Each structure stands twice: as structure tokens, then as C-alpha cells.
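Subject: Model handover and notes

Hello,

The structure is pasted below, and my notes follow it. Please read them with the coordinates open.

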Amino acid sequence: MSTGGDGLIRLDGVRKEFGDVTAVEQVDLQVNQGEFFSLVGPSGCGKTTTLRMISGFETPTRGSVHIDGQDMAGVPPDARDTNLVFQHHSLFPHMTVGENVAYGLEKAGVDADERERYVTEYLELVDLDGYEDRSPDDLSGGQQQRVALARALVNEPSVLLFDEPLSSLDRKLRKQMQVELRKIHEKTQGAFFYVTHDQEVAMTLSDRLAVMNEGRIEQVGTPEEIYREPASEFVADFIGDTNLLEGQAVEADGRTTVEVGGDAGFSFDPAERVSPGEVTVSIRPEDFRLAENGDATFEGEVVERYFQGDQTNYVVDAGADGLSDVQVVMQGRDSPVSPGERAGFAIEPDAPVVFER
Ligand SMILES: Nc1ncnc2c1ncn2[C@@H]1O[C@H](COP(=O)(O)OP(=O)(O)O)[C@@H](O)[C@H]1O
Ligand SMILES: [Mg+2]
């Protein structure tokens, strides 16, 4: 186990080229001891390649990887204090659950008594106590995934690396496994580095996450920071749902106003300083509310309504450029506006995030 220091995992200026394909442009990251850290981004953005450079299965073309303060250049995967869990967990079918979990320990020369003690402890941790003598074939997909997890945890690596480990499970099981993973993480000391294209999973699980796009990190932060204060249009769009609206920042009498949708649209005073010119405005669907006492930011016709149980989603046509399909979410039981009806909508003044173009 490690002391952490200035990041248990540290990537400095890491780049990876495969021939003339640049899989990772430039990555700088620090993951701390005890942290559940996710790397999230669309398929092909370079997540797996980044993870493979941490585990040692790929060598950076440029830059360095440090684990626990030690430069990993030239250190092979099995000499690194990391273990990897991925989607196809590849348990050995001819071995029992216990033998599968003990496999790495046996290779490391741990004696039989001690192996048994560890196997019992880690099967208990993943909620599979008493499954030692079962065959992996007799287990459900979720149980097999938990065995794979116990096998990765049993030799107590400082860093556990996950590459989309839940993506082959159905939705309900995936939710269950997320809760399990979080609990298991709390009981272990090391860092979890979790790669996924699923922003919802990353948001739910992580202490902090990095959003990756085309081989670069666009933002690192807590789920709340990333959701509330996206650093770029890409992040605003990729994490959660949002309306991305084209607008214009205009300065008059020493005061800046953002206009959206031209003359027929609406305007607001941005919460933070914006230079005059073309902008893109991100407004989350839940940042709208029904207007009351004439405080509407804009009026529009409800063109669609989707009842979702705990919330109702609307599509609103505000009758202006780029405002024909504004996504609006209302929480709670009421669904007071029907398709075809007109209504006024208001936004909280600090809700819109403005990106200069
Ligand atoms: N061994 C390789 N040879 C050539 N190109 C690769 C190789 N591995 C990955 N790539 C390319 O690098 C990019 C990033 O891939 P990858 O890291 O697997 O992304 P992700 O895990 O985010 O989907 C993709 O364009 C992919 O095709
Ligand atoms: Mg991948």
C-alpha cells in the first residue's frame, strides 16, 4: 500500500500514437489515494488507451506515468501495483470460484492456508461468502462479475483499473452492481480508476471524473462541478441533458446582455462576465419553471409532453430562431400544460452557462 503524496497515479503530458493514428493527444491527470475516479467520454476518444498506459500494456509515445511516486517507464504490467477488471471477465471455467480468486495469489507464491483466508475474506467482501466450491458456470452474470472483482482485489493492489466492466449487464443489474462497487470501494484503501462511455454511471460512482474528447481531457472535477459549471460546450452536452442555444452577447450602457433567438427570442443578464460577440448558451431542462405573476422569460407552445413518473418532459416551441424545440423538465406530480397550449417559462438568472465562440 502506498502513501499517496502528490497523486497515487500521475500522468504528465501523456500521448500515444499508433502509426499515424493519434489515440491520445495529451493527458495530464492525478488520481489520489482512496479516490473513485472516472474517465468518461464517447467511444474512440482514447479512454482504453489511457488505461492501458497506466497498467503497462501500452507504452506512451511521450510523457510519463507515475504510480506512487515511481516512474513506470520500463516497468512491465505484472510488476505494477495495479489490477485490471474489464467487461469480459474471463473467469477460468474449469476452476471453482475459490480457485479463480486464489489464482493470482498462488502465482505470487502465497501459501495455501493464507490463500484460503484471503479468498474467504474477499468473497465475503463481494457478498459471495460460501461460493468457494461452485463452478463459475452456475453463477449469474452479476455474480461472475463479482468473482472477477474479488480476483482483482484479493492481492490488494494500490490501483484497481476498470474498463467498462458493467456494459454487458442489463440495466437493473448494472444499477445494482454500481451500488456494490461503491460499497466495495469504501471498504478498500486503494484508488479506483474507472473508464466508461456512460456519463450516468460516471456521475453516480465518482468522487471526481475527467471528461475526455478526441484524445484530450476537457475538464476534471466533482460530478456537481462538471454538471453545474461545464468548462466547454462539449462537456455541457455530454454530461446530462441540456439545451445548447445560439446567442449574442451585447454591451450597452456598460452592461452585458445575452440575446437568444433574435428579436422574437429572449434575453438575460449573464451571471459571469462575457465578452461581446457570438456565444452558445447551455440551459438545463430543469432550469426552466412555469412563469408566475408575469415573470416569463419567454412564451411558447407545448408541442410534446412525455410523462416520466417523477417528472414530465416538455418540448416547447418559442417561435424564434433556434428556439423551436426547447427541452423543459418539470418535477413532481403536476403536468399542468397540455400539447397545443401556450405557457410562459422563466429561467433562474444564474442557470444559463455561456460559452464564447
Ligand atoms: N492498437 C491500436 N492500433 C491502432 N489504433 C488504435 C489502437 N488502439 C486504439 N486505437 C485507436 O485509437 C483511438 C482511441 O481508442 P480507444 O483508446 O480504444 O478509445 P475508447 O476506449 O475511448 O473507445 C481510436 O480511434 C482507436 O481506433
Ligand atoms: Mg474502450
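One open sheet has five strands in the order 13-12-11-14-20, with antiparallel pairing. Strands here are DSSP runs of E with at least two residues, helices are runs of H or I with at least four residues, and both are numbered from the N terminus. Two strands count as paired if DSSP finds at least two bridges between them. Strand 13 (266-268) and strand 20 are the edge strands, each pairing on one side only. On average, neighbouring strands of this sheet are turned by 35 degrees against each other, direction ignored.

This is a predicted model, in which local features need pLDDT of at least 70 and side-chain atom pairs count only at pLDDT 80 or more, while totals for chains, interfaces and linings use all residues. Residues are numbered from 1 along each chain as its sequence is written, and chains are lettered from A and ligands numbered from 1 in the order in which they are written.

Strand 11 (residues 243-252) is joined to strand 12 (residues 255-260) by six bridges in the antiparallel sense, and Ala-252 has Arg-255 as its bridge partner in strand 12. Strand 11 also pairs with strand 14 (residues 277-283), antiparallel and over seven bridges. There, Glu-246 is bridged to Thr-280 of strand 14. Thr-280 has a further bridge partner in strand 20, namely Phe-355. Strand 14 and strand 20 (residues 353-356) run antiparallel and share four bridges.

Strand 16 (residues 298-307) and strand 17 (residues 311-317) run antiparallel and are joined by six bridges. Two of the facing pairs can be checked directly: Phe-307 has Thr-312 of strand 17 as its bridge partner, and Val-302 stands opposite Val-316 of strand 17. The hairpin of strand 16 and strand 17 has three residues between the strands, and Gly-309 takes a positive phi near 90 degrees in it. Strand 16 also runs antiparallel to strand 19 (residues 342-347), with four bridges between them. In that pairing Phe-298 is bridged to Phe-345 of strand 19.

Helix contacts

How do helix 2 and helix 3 cross, and at roughly what angle? The axes of helix 2 (residues 97-107) and helix 3 (residues 112-125) come within 9 Å and cross at roughly 125 degrees. Axes are lines fitted to C-alpha atoms, for helices over the stretch in contact, and angles run from 0 to 180 degrees between N-to-C directions. Helix 2 is therefore oblique to helix 3 (under 35 degrees counts as roughly parallel, over 145 as roughly antiparallel, 65 to 115 as roughly perpendicular, and the rest as oblique). The crossing is right-handed, that is, the near helix is turned clockwise from the far one by less than a right angle. Helix 2 contributes Gly-98, Val-101, Ala-102, Leu-105 and Glu-106 to the contact, and helix 3 contributes Arg-115, Tyr-118, Val-119, Tyr-122 and Leu-123. Residues are in contact if their C-beta atoms, placed from the backbone, lie within 7 Å. The residues of this contact are seven nonpolar, one polar and two charged (Ala, Val, Leu, Ile, Met, Phe, Trp, Tyr, Cys and Pro count as nonpolar, Asp, Glu, Lys and Arg as charged, and the others, Gly among them, as polar).

For helix 4 (residues 141-153) and helix 5 (residues 171-187), the axes come within 11 Å and cross at roughly 25 degrees. That makes helix 4 roughly parallel to helix 5, and their crossing is right-handed. Gly-141, Gly-142, Gln-145, Arg-146 and Leu-149 of helix 4 meet Leu-173, Gln-176, Met-177, Glu-180 and Ile-184 of helix 5. By class, this contact has four nonpolar, four polar and two charged residues.

Ligand 1

The residues around ligand 1 are Phe-18, Val-21, Ala-23, Gly-41, Ser-43, Gly-44, Cys-45, Gly-46, Lys-47, Thr-48 and Thr-49, taking those whose C-beta atom, placed from the backbone, lies within 6 Å of it. Strand 2 (21-31) and helix 1 (47-55) are the elements that give two or more residues to this shell. Helix 1 has the largest share, three residues. The shell divides into four nonpolar, six polar and one charged residues.

Regards

Methods:
Contact = placed C-beta atoms within 7 Å.
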